[in-house]
Amino acid sequence: MLISQAVEHMILFYQGSVHDIEHFLKVWAYAKTIGEQENLRADVQETLELAAIAHDIACPLCREKYGSTAGPYQEKEGIWLTKEFYREFDLPVEQLDRICYLVGHHHTFHEIDGMDYQILVEADFLVNASESKLGKEEIKNFRNRIFKTKTGIRLINDIYQLS
């Protein structure tokens, strides 16, 4: 129920921006799939999914404020927007803090400090690689440097036909 409410609220938040809506839905689907296949604890899975739903919450503001949705801008603005977005959901403070942390760091690929963070980065890249029309070598290099989960590696290899 909580996840479906967050999805519905995020769709409304994006005010008809089909690209933003489709992007977060794809990232959420990959995050959900990877998390379930990697057997995350239920509470970690829920935190991951809530972070995946809101991971690009700062994009509309960044387009307006900076003329760009570059990662550093998203990370700068995403934390407070996420906190505000989830305020009415009455989440435990620790969970909300973790969701905000994940949203505020999902473009930072060093010092990944948990499976929820790892999976969010992998799920976002799976979508961004396609949307950015990255070549196989770029995708393979990112996979080799960043991907750690068995499921994420299997997905990226299958989707992009990597060896």
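Predicted model: local features only at pLDDT ≥ 70, side-chain atom pairs only at ≥ 80, totals over all residues.
Arg63 is partly exposed, and its relative accessible area is 38%. Is Asp20 buried or exposed? Asp20 is buried, with a relative accessible area of 5%.

**Next stop: helix 4 and helix 5**

Keep helix 4 on screen (residues 59-66) and bring in helix 5 (residues 71-85). Two packed helices are described by the angle between their axes and the distance between the axes. For helix 4 and helix 5, the axes come within 9 Å and cross at roughly 125 degrees. That angle makes helix 4 oblique to helix 5. The crossing of these two helices is right-handed. To see the contact, show the side chains of Cys59, Leu61, Cys62, Lys65 and Tyr66 on helix 4, then those of Tyr73, Gln74, Lys76, Glu77, Trp80 and Leu81 on helix 5.

**Along to Glu84 and Arg87**

Select Glu84 and Arg87 together; their side chains meet in a salt bridge, at 2.1 Å from N to O. Glu84 is partly exposed, at a relative accessible area of 44%. Arg87 counts as exposed, because its relative accessibility is 56% and the cut-off for exposed is over 50%.

**A charged residue without a salt bridge**

Now move to helix 3 (residues 42-54) and pick out Glu49. Which side chain of opposite charge is nearest to Glu49? The answer is Lys32, 4.1 Å away. Glu49 is buried yet has no salt bridge; the cut-off for a salt bridge is a side-chain nitrogen of Lys or Arg within 4 Å of a carboxyl oxygen of Asp or Glu. Show the surroundings as well: leaving aside its neighbours within four places in sequence, Glu49 is in contact with Ile3, Trp28, Lys32 and Glu36.

**On to helix 8**

How many salt bridges does a search of the whole structure find? There are 10. For another of these pairs, select Glu137 and Lys140, whose side chains meet in a salt bridge at 4.0 Å, N to O. Both residues belong to helix 8 (residues 136-146), and being 3 residues apart there, they are separated by about one helical turn.

**Last stop: helix 8 against helix 9**

Return to helix 8 and display helix 9 beside it. These two helices pack at an angle of about 175 degrees, and their axes are 11 Å apart. Helix 8 and helix 9 are therefore roughly antiparallel to each other. The residues making the contact are Lys136, Ile139 and Arg143 on helix 8, with Ile156, Asn157 and Tyr160 on helix 9.

Finish by zooming in on Asn157, which is found in helix 9 (residues 150-160). Asn157 is buried, with a relative accessible area of 19%; the cut-off for buried is under 20%. Which residues does Asn157 touch, not counting those up to four places away in sequence? Show Arg143 and Leu162 to see them.

Notes: Residues numbered from 1 in each chain as written. Heavy atoms only, no water. Helix = DSSP H or I, 4+ residues; strand = E, 2+ residues; numbered from the N terminus. Buried < 20%, exposed > 50% of the residue type's maximum accessible area, 1.4 Å probe, protein only. Contact = heavy atoms within 4.5 Å. Lys, Arg positive; Asp, Glu negative; His and termini not counted. Axes fitted to C-alpha atoms, helices over the stretch in contact; angles between N-to-C directions. Parallel < 35°, antiparallel > 145°, perpendicular 65-115°, else oblique. Left-handed = near helix turned anticlockwise from the far one by under 90°.
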